[in-house]
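Good morning, and thank you for coming. I would ask everyone to keep the structure in view while I speak.

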Amino acid sequence: MFSKAAAQAMHEAMEPIEVPTALRNSGRRALLSVVVRFAIAAAVAGGAALILVMVIPASQRPGVQSNDATSISSLWQSVKGAIGPAQQRKQLATLALEDSSGPANVPLPLGMRVGAPPSGAIVAINGLLADARLTSGKRVANEWRVPASEISAVSVIPPDGFVGQMVAMAELRDSNGAVLVVGSSRLSWKAAASVVPQPSTAVTAVPPARSLVLSPPPQTEAVRNLDPKEISGLVKRGQDLLTSADVSAARLLLLRAAEGGDARAALLVARTYDPTVLKQLGASGPLADLAQARNWYQRAKEWGDPEAQRQLDALTPTR
């Protein structure tokens, strides 16, 4: 088809050109007309060839082998990939947590790792005892703040002689302070193995290591000035997490809301410690703490929640 179209165009270009009598003696203009006619014919032939390439698939063109078609297809994909930027899938930040344990007076790894953190992200840590310290980051009010890029190498230094557990509740926040991921890790310190004295050696009485409450005490000695909208949002998210039985994450958010003196938040914090409620959620075990539940129900009552007294009565063992 291409050969016939080109031959026809060339044949038409070489036919005699009829010009007006007045211009018949002008050889220069006649030559120019021939050149123009030839250029038009070449353009027509090129257009026909282009249409042939675009319309007829490579595998059906005469004289083109399947390997050539594959090569052309591969070349086109390479060119298209070089021209158009590759579409990148946005990665979501993640927070991995792991519990750890060890002997008293020994720093333990915090057990947190952040994946794909946004620029300027930090991890806010709550729930540690007042005398505990981190090997990195800084303490602001009642929480520690550590850059997300450093969190995997952070350890917790316990108070001297501490035996028990701390629940480190974490929030991954972006540079604007928005919470991206929440979670918690449990750190346990055990008393060192006792040494059996030799018969010939005088034994000096050594006071036992002090044992503290297993769960972190409520940090409500000073009520923080929080925005009511922020408190409402924290309570709503905490309720949603409780509904899905994610008690540790719910407790973290509700504790922050309770720091603002919110009675409803205090009631919900108490429910995260209430053994009866946790059993209904299928999350009983080390999360339950009767003393903490009673403490938070009492605070909710003092702050004006009408349901708190009923929960206190249900919590008190029947004699």
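Let us begin with strand β10, which is joined to strand β11 (residues 179-190) by 10 bridges, the two running antiparallel. In this pairing, Met166 stands opposite Leu187 in β11. The hairpin formed by β10 and β11 has 5 residues between the strands, and Gly177 takes a positive phi near 90 degrees there. β10 also pairs with β5 in the antiparallel sense, over 5 bridges. In that pairing, Ile125 stands opposite Ala170 in β10. How many residues of β10 are buried? The count is 9 of 10, so β10 is largely enclosed by the rest of the structure.

The mean pLDDT of the protein chain is 75, and 63% of its residues reach 70 or more. Over residues 194-222, pLDDT stays under 50. Where pLDDT is low, the predicted coordinates should not be read in detail.

Now to the chain as a whole. The protein chain contains 9 helices and 11 strands. Of its 319 residues, 33% are buried. Among contacts between residues at least 6 apart in sequence, 61% join residues at least 24 apart.

Two further strand pairings deserve attention. Strand β1 (residues 94-97) pairs with β4 in the antiparallel sense over 4 bridges, and Thr94 stands opposite Gly115 in β4. In a regular strand the side chains alternate between the two faces of the sheet. In β4 (residues 112-115), Met112 and Val114 form a covered face, while Arg113 and Gly115 form an uncovered one. Elsewhere, an open sheet of 3 strands has the order β3-β9-β6, with antiparallel pairing. Its edge strands are β3 (108-109) and β6 (133-134), each of which pairs on one side only. Within it, 2 bridges join β3 to β9 (residues 155-157), and Leu108 has Val156 as its bridge partner in β9.

I turn next to the interior. In soluble globular proteins, nonpolar side chains tend to be buried together. Here the largest nonpolar core has 35 residues, and those with the most contacts inside it include Val235, Leu242, Val269 and Trp296. Among the elements that give two or more residues to this core are β10 (164-173), α4 (228-243) and α5 (247-258). Which element supplies the largest share of this core? The answer is α5, with 9 residues. A second, separate core has 25 residues, including Met112, Val114, Ala132 and Ile151. Returning to Val269, its contacts beyond four places in sequence are with Leu254, Leu255, Ala258 and Trp296.

An α-helix has 3.6 residues a turn, so residues three or four places apart point the same way.

Thank you for your attention.

Notes:
Residues numbered from 1 in each chain as written. Predicted model: local features only at pLDDT ≥ 70, side-chain atom pairs only at ≥ 80, totals over all residues. Heavy atoms only, no water. Pairing = 2+ DSSP bridges. Buried < 20%, exposed > 50% of the residue type's maximum accessible area, 1.4 Å probe, protein only. Contact = heavy atoms within 4.5 Å. Core = buried A, V, L, I, M, F, W, Y, C linked by side-chain atoms within 4.5 Å. pLDDT = per-residue confidence, 0-100.
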